[in-house]
Amino acid sequence: MKNTDIINSMKLSFPSKSANESFARAAVAAFLLPLDPTVAEISDVKTAVSEAVTNAIVHAYPESYGVVYIEAQLTASGRAVIRIRDKGVGIPDIKQAMEPLYTTSTDERAGLGFAVMQSFCDSVKVRSAVGKGTTVTLEKSIIRASYGKK
């Protein structure tokens, strides 16, 4: 995607506290509203963002709090690009982490976060470095995108 395709963008950061997951989900949903998404599209994005943010909160900073960063961009063609980033422990094996039912958590987590993200987005990309953090990039095309149209 070229920078000239970007028609709006936003950045957000917050402490990795579970109470902030709903805030992140609502903030990204509100940012998408100018694209005139359907209720289903908003729900899809909110669910995917929720999973990515929850992963950062639970897995990136297992022994402490850190910061979760969100960057979102809207394109002229109606594509939303959302990056959820942390500076936590990182993922040693991304392929394994993206397998359904895989989890490093010792509580009752299902290990379906990445599978859920993939089912609700057009594209999910994960970059990670052990000890440096993880970036999850979600992409979703909004069918009725009317942003910037007259």
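This is a predicted model: local features need pLDDT of at least 70, side-chain atom pairs count only at pLDDT 80 or more; totals for chains, interfaces and linings use all residues.

Which residues does Asp 86 touch, not counting residues up to four places away in sequence?

Analyst: Leaving out residues up to four places away in sequence, Asp 86 touches Ala 56, Ala 60, Tyr 61, Val 67, Lys 132, Gly 133 and Thr 134. Asp 86 itself belongs to strand E3, which covers residues 79-86. Although Asp 86 is buried, it has no salt bridge; the nearest side chain of opposite charge is that of Arg 85, 8.1 Å away, whereas a salt bridge requires a side-chain nitrogen of Lys or Arg within 4 Å of a carboxyl oxygen of Asp or Glu. A polar atom of the Asp 86 side chain does, however, lie 2.9 Å from the backbone nitrogen of Gly 88.

The protein chain has four helices and five strands, which follow one another along the sequence in the pattern β-α-α-β-β-α-α-β-β. The largest nonpolar core contains 32 residues, and those with the most contacts inside it are Val 53, Ile 70, Ile 82, Ile 84 and Leu 138. At least two residues of this core are supplied by each of strand E1 (6-15), helix H1 (20-32), helix H2 (39-60), strand E2 (67-75), E3, strand E4 (123-129) and strand E5 (133-141), with H2 giving the largest share, eight residues. For one of the residues with the most contacts inside the core, Val 53, the partners beyond four places in sequence are Phe 14, Glu 21, Ala 24, Ile 70 and Ile 84.

A further detail concerns helix H4 (residues 113-120), where Val 116 is found. Once neighbours within four places in sequence are set aside, Val 116 is in contact with Thr 47 and Glu 51, while the C-alpha atoms of Val 116 and Ser 50 are 10.0 Å apart in space, with 66 residues separating the two in sequence.

For the protein chain as a whole, among contacts between residues at least 6 apart in sequence, 65% join residues at least 24 apart. Buried residues make up 43% of the 150 residues, and the accessible surface comes to about 8,300 Å², of which 52% belongs to carbon and sulfur atoms. To return to the part you asked about, Asp 86 is a buried residue without a salt bridge, and its side chain has a polar atom 2.9 Å from the backbone nitrogen of Gly 88.

Methods
Residues are numbered from 1 along each chain as its sequence is written. Side-chain values use heavy atoms; hydrogens and water are left out. Buried means under 20% relative accessible area, exposed over 50%, partly exposed in between (1.4 Å probe, protein chains only). Lys and Arg count as positive and Asp and Glu as negative; His and the chain ends are not counted. A polar contact is a pair of N or O atoms within 3.5 Å; within protein, one must be able to donate a hydrogen and the other to accept it, and residues adjacent in sequence count only if both atoms are side-chain atoms. Contact means heavy atoms within 4.5 Å. A nonpolar core is a set of buried Ala, Val, Leu, Ile, Met, Phe, Trp, Tyr and Cys residues joined through side-chain atoms within 4.5 Å. Accessible areas come from the Shrake-Rupley method with a 1.4 Å probe; for residues, only the protein chains shown count as cover.
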